[in-house]
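This note comments on helix packing and local backbone geometry in the structure below. Please read the points alongside the coordinates.

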Amino acid sequence: MDFKVLAEKYREEMLKTLAESVAIPSFEGKPEPGAPFGPESARALAHMLEKARSLGLAAESVDNYCGFVEWGSGDELLIACHLDVVPVGEGWTTPPFEADIRDGKMFGRGVSDNKGQAVGALYGLKALSELGLTPKRKVRIYLGTQEESGMKDIEHYLKKQALPEWGLVPDMEYPIYNKEKGGLGIRVHYKEDDKCVVKSFKCGGASNILPDKAIAVLCGKRVSLAETKKALDTYNADKPYKIIAEEKNGDIELTGLGKSCHAAEPWNGFNAIFNLAGFLYGFLGEKAGNAVKFMAERYGMSWDGSLFGVKCEDDTGPLTLNVGILELENNKGFNTIDIRYPSTLDGEKIYKTICESAKGEPVEFEMTRNSAPLMVPNDDPHIKMFADIYTRVTGRPSSLNSTGGGTYARKLQNRAVSFGSALEGVPGHNIHGIDEFLVIDEFMVHNEIYLSAMYEWLFNE
């Protein structure tokens, strides 16, 4: 069976369907009846399920939390994809929800994370269903809608549906990732301080993205634009990303800039919240307020948790810490903390250490999430099966890897690994950043690998 030829047969249809999906801005919204994660997430799910039905495949919604498409019967291979996306940020060179193809790439939010993989799996299953062969097992494509912001979608799914025999998650790189760091979500709550000079300090994005812009407003009656700009001249001199000040409605508005990237690899970015907090506290001191002081002293410009005493590392990599969302009015409000911790450590103990380290400070901590690490044994027989498929298609040796990224694999009780979709050694695709893109020829190789994997699961003894 020539899976490359089979994949190429559907190239144009896949790109057309992917463009349709990208046009739906499916980041999480306010819940509505029949749309637990907002209307756009529900619309993205409905679009993909209807597309599956038009291709002759069985498709079902699970209370609009998620859905699935399947073919065959018996032992199940679950291919877990998601249709939700993260916010777009600023600075795109192409409209983020209008798929743009140029130079062999498709640009748009979600093309690589993770709508392209969902579309590829869908057409792969359609292609195999038309071969005239009787399946010995089942392939089910899971279509999630809240992977980026909590994974409550798959938690709901697992209350209604059985665990699969095995699962593949095309949401990383090739070859195979059988270990994932644990994930810890924390909210830090601050109390009101109407005496501080900082009237507001905000950054609305996603907890798992390093923000590229944050905005603070200073009371214009207590600080002047001239002295603010003078302080900024010194501060900005050695910074790769600047802070800009302007007068607005009698106050001083500061815009702190940074570089966006995935929170699992914060060394690739520059956190705009940290940048602006550092300036505010250095410029205003105690007048900046307790929240800004806390951020400057406890986050600084570091991403390793060292200022909380939780810096650590194992063979899955170092602990990482990101602040992606901030809402402050007169010092009152909160910020999120996203922590990825090494797979051999305990999230509860890390949380307790953070709380103890800040004891006596005017903040309150709330744990919002503690996702256990993924630890699939290296010698699991399923791993060998898919490693062999990868080598057969690409000609490259397979390997087992670990990641700080969190995928659906961690929710499937060590019955799944991440398998693709980015080819090993290929530069990043600006996932969670501006100008996210999909290399089309690379996408077709990925589809060839998954066609081979689904074929082997469905038809081989």
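1. Pro-175 sits in the loop between strand S8 (172–173) and S9. The peptide bond that joins Tyr-174 to Pro-175 is cis, with omega about 0 degrees. Helices (H or I, at least four residues) and strands (E, at least two) are DSSP runs, numbered from the N terminus.

2. On provenance, this is a predicted model, in which local features need pLDDT of at least 70 and side-chain atom pairs count only at pLDDT 80 or more, whereas totals for chains, interfaces and linings use all residues. Residues are numbered from 1 along each chain as its sequence is written, and side-chain values use heavy atoms, with hydrogens and water left out.

3. A cis peptide bond also runs from Asp-113 to Asn-114, with omega near 20 degrees.

4. Helix H3 (residues 39–54) packs on helix H4 (residues 111–129) at an angle of about 15 degrees, and their axes are 10 Å apart. Axes are lines fitted to C-alpha atoms, for helices over the stretch in contact, and angles run from 0 to 180 degrees between N-to-C directions. H3 is therefore roughly parallel to H4; angles under 35 degrees count as roughly parallel, over 145 as roughly antiparallel, 65 to 115 as roughly perpendicular and the rest as oblique. Met-48, Lys-51 and Ala-52 of H3 meet Val-119, Leu-122 and Tyr-123 of H4, where contact means heavy atoms within 4.5 Å.

5. Helix H2 (residues 11–22) packs against H4 at about 135 degrees, with the axes 9 Å apart, which means that H2 is oblique to H4. On the H2 side the contact involves Glu-13, Met-14, Thr-17, Leu-18, Ser-21 and Val-22, and on the H4 side Val-111, Lys-115, Gly-116, Val-119, Gly-120 and Tyr-123.

6. Helix H10 (residues 381–394) has 14 residues, which at 1.5 Å a residue should span 20 Å; its end C-alpha atoms are 20 Å apart, in agreement. The expected span is 1.5 Å times one less than the number of residues. The buried residues of H10 are His-382, Ile-383, Met-385, Phe-386, Ala-387, Ile-389 and Tyr-390; buried means under 20% relative accessible area, exposed over 50%, and partly exposed in between (1.4 Å probe, protein chains only). Among the elements they pack against are strand S3 (76–82), strand S9 (176–180) and helix H11 (440–459).

7. The axes of H10 and H11 come within 9 Å and cross at roughly 135 degrees, so H10 is oblique to H11. Residues in this contact include Phe-386 and Tyr-390 of H10, and Ile-449 and Trp-457 of H11.

8. Met-444 is placed in helix H11 and is buried, with a relative accessible area of 6%. Apart from neighbours within four places in sequence, Met-444 is in contact with Ala-7, Glu-8, Arg-11 and Met-14. The C-alpha atoms of Met-444 and Met-14 are separated by 9.9 Å, although the two residues are 430 apart along the chain.

9. Which value of phi does Asn-249 have? Asn-249, which is not a glycine, has a positive phi of about 55 degrees. Asn-249 lies in the loop between strand S14 (243–248) and strand S15 (251–257) and counts as exposed at 76% relative accessibility. Asn-414 has a positive phi near 60 degrees, lies in the loop between S24 and S25 and counts as partly exposed at 35% relative accessibility.
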